[in-house]
Amino acid sequence: MSPAENASASVPSASEYILDNFEATDRIAMLVLNREFGETIQRITSAQKASSPEFQAWLRYKNANGSDIYIGMNPLRQDASTRTKEDIESIRHVYLDLDHGGPEALKSVESSSAVPKPNYILTSSPGKFQIAWKVEGMTLDEAEGLLHAMAREFGGDPAATDATRVLRLPGFANKKYGADFYVEARRESTDTYHLRDFKLRIDSQDSPGHTYYRCPKPQSSTRANLSQSEYDWAFAKRALARGEEPEEVIRQIAQHRASDKSDPEDYARRTVTKAQAELTGKRQESEPPGEHEIGERNA
């Protein structure tokens, strides 16, 4: 293969990226988010269909009309209709979102002996990167512990530390800023990794920095099926109780839910306000509010 052909092969199209990261029959979540119109569309479909010319044409149409395009990085159960932790079939990827530090932050990851060579490096906007590793044999708890450890080690976005996170799909324009920026993925490795390949300390509980988002394990079966909004509410209540500033808690929740809420700041502010009311005795209910009380459901 010539150098030009090799370079081309290392920059996959959106369809190639999907089929390289998933089996054709895997059910995956595709998220289409239009911030201007407050439109959030989630499609859960097979990787084969998501990579098809027809589906890709629909994504291109939505992207051209102002929508950002995202993909869930872990496959969902065959009967899943939502993208929650309970819906995850298996852990296929761990990832790191580098919002700060530019190329220097990326270089620190690439040169580190604590993590193996990434499978993909996505340039999501100028100076911002998303890094993905293919993995197998990890439980959800192990994966999320590793996500937290990598974010802490490399200064990654603490909001991108849950297994249901969506990342940008390469080949589509980032619509978050004034000018379009086309996301590009660069293939770095074809290996599949295991937990032992990551040489990082993994905390069993929240770090002293209170990294978002690590919920305690449910204490009973009645608490096992909390919605994402209930987890957000519980996080806000814990953070406020330990003395964190409300505005900082709002920022963390808004950042965490930026990909699946049309107005994440408003959602976060209402969630924190309800948590504050509970802590100050203004709220009488002993259970977290339902999804409809906090805000919109995941699309």
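On a 1 Å grid over the protein atoms alone, a pocket is an open set of points with protein on both sides within 12 Å along at least five of seven lines, a cavity is a set of points where a 1.4 Å probe fits but cannot get out, and lining residues have an atom within 4 Å of a point. Grid points are joined across faces, edges and corners, and a volume is the space filled by probe spheres set on the points. The structure is a predicted model, in which local features need pLDDT of at least 70 and side-chain atom pairs count only at pLDDT 80 or more, whereas totals for chains, interfaces and linings use all residues. Residues are numbered from 1 along each chain as its sequence is written, and side-chain values use heavy atoms, with hydrogens and water left out.

The protein chain contains ten helices and ten strands, taken as DSSP runs numbered from the N terminus (helices H or I, at least four residues; strands E, at least two). Of its 299 residues, 51% count as buried, where buried means under 20% relative accessible area, exposed over 50%, and partly exposed in between (1.4 Å probe, protein chains only). Among contacts (heavy atoms within 4.5 Å) with a separation of 6 or more, 68% are accounted for by residues 24 or more positions apart.

The second largest pocket holds about 320 Å³ of space. Its lining comprises 19 residues, of which D97, D99, D157, R165 and K176 are the closest to the centre. Strands β5 (120–125), β6 (128–134) and β7 (166–168) each supply at least two residues of this lining, with β7 giving the largest share, three residues. By class, the lining divides into five nonpolar, six polar and eight charged residues, with Ala, Val, Leu, Ile, Met, Phe, Trp, Tyr, Cys and Pro counted as nonpolar, Asp, Glu, Lys and Arg as charged, and the others, Gly among them, as polar.

The largest cavity has a volume of about 100 Å³, and of the eleven residues that line it, R83, D162, T164, H256 and D260 are the closest to its centre. The lining of the largest cavity is made up of one nonpolar, five polar and five charged residues.

S125, in strand β5, counts as buried because its relative accessibility is 3%, and S125 touches N174, Y177 and F181 when residues up to four places away in sequence are not counted. By contrast, E23, in the loop between α2 (14–21) and β1 (27–34), is exposed, with a relative accessible area of 53%; with the same exclusion of residues up to four places away in sequence, E23 touches A47 and R92. G137, in the loop between β6 and α6, is likewise exposed, at 72%, and lies 6.4 Å from H194, C-alpha to C-alpha, although the two are 57 residues apart in sequence.
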